[in-house]
Amino acid sequence: MQGDSQLRAVTGMEVAMKRRFLYKLYALMTAGCLVIAATGCGQTNEVIQETFAEGETTSKEGETAGTSGQETAAESIVNAEEMFTERDLDGTYEEADCRSIELGDGNVTITEEGIYLLSGTLEEGMVTVDASDSAKVQLVLNGVTISNSEGAAIYVKEADKVFITLAEGTSNILINGGSYTALDDNNIDAVIFAKSDLTINGMGSLYITAEAGHGVVSKDDLKITGGSINITAASHGLSGKDSVRIGGGSLTLTAGKDGIHSENADDTDKGFVYIADGKMNVDSKGDCISAGAYLQIDGGIFDLTAAEGAANKTVETGEDGEAVSTKGIKAVGQLIINGGSYLIDSQDDAVHSNSSLTVNDGEFSIETGDDGLHSDETTAVTGGTLEIITCYEGVEGKDVIISGGYLKITASDDGLNAAGGKDASGLGGMFGNRGGNGFGGSGGSVLISGGKIYINADGDGIDSNGTLTVTGGEIYVSGPVSAGNGALDYDGEGQITGGTVIAVGSIGMAMNFGDTSTQGSILINSVTGEAGTEIALKDAVGAVLASYTAEKSFGSVVVSCPELVPGGTYILSVGNNETEIVLDSLIYGSGSGMGGFGGGRGGFGGDKSGMGGFGGDMGGQDGRGNKQDGSRGAGPGEAPELPSGEAPEMPEGLEVPQGGDMPADGERPDMPQGGGMPEMSEGGEQPAAPKNNGN
């Protein structure tokens, strides 16, 4: 190419003691020495060949071996020590080791391994690295401006690995003009485009503007370990085919597609993202961070906005007609977060895995138009602090496991949801044009063994299409006001063996834990309270065992704590009202499809599936009835007050019994004395059947 500068490498005079320490000099010394001609220096120098062959090769092999499996411990998918070499992390250079290049007119092509110090301005040109496939080339940007209206500013055609080092105290600007010309039968569609491994490090600043295409692309591994990097790109901000790895630096990314993207359609073990540290401010029209394989984050500071955030109700569609993915952090494979600070505002899920998701630590403040945490398999929280300020559902997965951490969730649907079917998650309920969450049928589970959880949900507080098991932790729920949902909702078995639970909500779908529990639990449907009402369970002498202040109005209370024992006397305080309870069995008060009616001996009961049985002569005067008679009463106390002028509706297909008889196979068995239906208000309507909200 006319005007090109053809340059040969000069590897330098001597490696400084600091670099010898960092690079493990003992390994380099065994690599031998190389005598080469130094073009333009007028002398021949004997130098150490800085190929870093042993260290680089070991790391590369380790990266493949350390990241190919996903059956590792939940704390790590990758071997973090093998994610970066010392040269990746170092970002230093000795000026005496460099060949200086003053940019001016014409393109620059580098053909040999070495360290190159670039300065000056190159207008309408490109810096190309076209060396051997074993060469390691370091480009030190020392205050450069490179613009190219028809292609990349820096293009790595061939090398083993290229380091772009940002010189301390310098500002470097790389620009494309909005179009690309194909080179070497490739679409070189990024301001920095590398067909080799690429590392950006150093302590300077880099500004990239991609009016078309991506900011930085590597067709192998892309690593960022230092510098202040500001990218505005029409497509992805950072893209690595095999991986994107971030170990430090400050990144500000504005992207027309994903902010950080890794995907390898040819090798499912590659296309992963690993972040150890750094500060990332990402504003993307697609996903902020997206991994085609797995994703692990061990630390860092994140400010992520996807598709203008949770308030954006307009869903864009791509060229394939499908909705554009607009998640905060997304992995197709396993996703693990071990630490970091996160401020996420996303149109779709804030943190999402198509496989399993584990949060071991970190501080999260989340606003999302859909789920706070979502996985298609198991969603686990073992630690950290998560405040989900706005969401459709808070924590969702086929199975939800919480063993630690602090969670505060405000949800327009369910707080915790396990295998909830196509319940409009995936923005279906919010926008109507995205698919559901993909769950179907029954099954799934919620298991809580630790942590402290606060839930304010307009749908179910905790919803499991399968089992609900509590063995520890603290759980406080302000559930739904509407009768079609419940503070607790499960389709299989509900069991509590430890921990503290206070759950308040509507009467309509109120449920208690089941009789396989080994810890006592009380359900009372004869109480009412407004937002700000304090609920407290006390022992017989008035000592508080558990307490909670409701976040909205309620008509039902479930409370369980380790101090509940059969035969004990307890006082449930709701605001200024107190109810004395004698715990004649571990599970006091059963769930009711309609909330049930108290009263008399064996009052009219109900369970989650519908009306339940009718109490008999052995029914207690607390309205609970007696299980031996098949009754499942609503709970202790008097019957809940009926709305003025209206009566509660019966479930669809059932009629209000007349007199003392109920139909059964054509016969009307007599009702026990005093066990008839409560009188309906004159002119009262029969409400519709309550919704079974297992989803």
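Q: What share of contacts in the protein chain between residues at least 6 apart in sequence joins residues at least 24 apart?
A: The share is 56%, where a contact means heavy atoms within 4.5 Å. This is a predicted model, in which local features need pLDDT of at least 70 and side-chain atom pairs count only at pLDDT 80 or more, while totals for chains, interfaces and linings use all residues. Residues are numbered from 1 along each chain as its sequence is written, and side-chain values use heavy atoms, with hydrogens and water left out.

Q: What pLDDT does the protein chain average?
A: The average is 79, and 71% of the residues score at least 70; pLDDT is the predictor's confidence in each residue, from 0 to 100. Residues 1-73 have pLDDT below 50, and this stretch has 132 contacts in the model beyond near neighbours in sequence. Residues 422-429 also fall below 50, with 34 contacts in the model beyond near neighbours in sequence. Where pLDDT is low, the predicted coordinates should not be read in detail.

Q: How many helices and strands are there in the protein chain?
A: The protein chain has five helices and 52 strands. Both are DSSP runs numbered from the N terminus, with helices (H or I) of at least four residues and strands (E) of at least two.

Q: And how much of the chain is buried?
A: Of the 695 residues, 56% are buried. Buried means under 20% relative accessible area, exposed over 50%, and partly exposed in between, with a 1.4 Å probe and protein chains only. The chain exposes about 27,100 Å², of which carbon and sulfur atoms supply 46%; these areas come from the Shrake-Rupley method with a 1.4 Å probe.

Q: Changing topic: how many cavities of 30 Å³ or more does the structure hold?
A: There are four. A cavity is a set of points on a 1 Å grid over the protein atoms alone where a 1.4 Å probe fits but cannot get out, and lining residues have an atom within 4 Å of a point. The largest cavity holds about 60 Å³ of space, a volume being the space filled by probe spheres set on the grid points, which are joined across faces, edges and corners.

Q: Which residues lie nearest the centre of the largest cavity?
A: Ala487, Ala510, Met511, Ser556 and Val558 do, out of 13 lining residues. Strand E45 (500-505) and strand E49 (556-560) each supply at least two residues of that lining.

Q: What classes does that lining contain?
A: It has nine nonpolar, four polar and no charged residues. Ala, Val, Leu, Ile, Met, Phe, Trp, Tyr, Cys and Pro count as nonpolar, Asp, Glu, Lys and Arg as charged, and the others, Gly among them, as polar.

Q: What is the phi of glutamate 124?
A: Glutamate 124 is not a glycine, yet its phi is positive, about 55°. This residue sits in the loop between strand E6 (114-122) and strand E7 (127-130), and is exposed at 51% relative accessible area. Glutamate 308 likewise has a positive phi, about 70°. Glutamate 308 lies in the loop between strand E26 (301-306) and strand E27 (329-331), with a relative accessible area of 65%.

Q: Is glycine 589 buried or exposed?
A: Glycine 589 is buried, at 3% relative accessible area.

Q: Which residues does threonine 232 touch?
A: Not counting residues up to four places away in sequence, threonine 232 touches Ile208, Thr209, Ala210 and Thr254. Threonine 232 belongs to strand E17 (residues 228-233) and is partly exposed, at 38%.

Note on methods: 1 Å grid on protein atoms, 1.4 Å probe; cavity = no way out; pocket = protein on both sides within 12 Å on 5 of 7 lines; lining within 4 Å.
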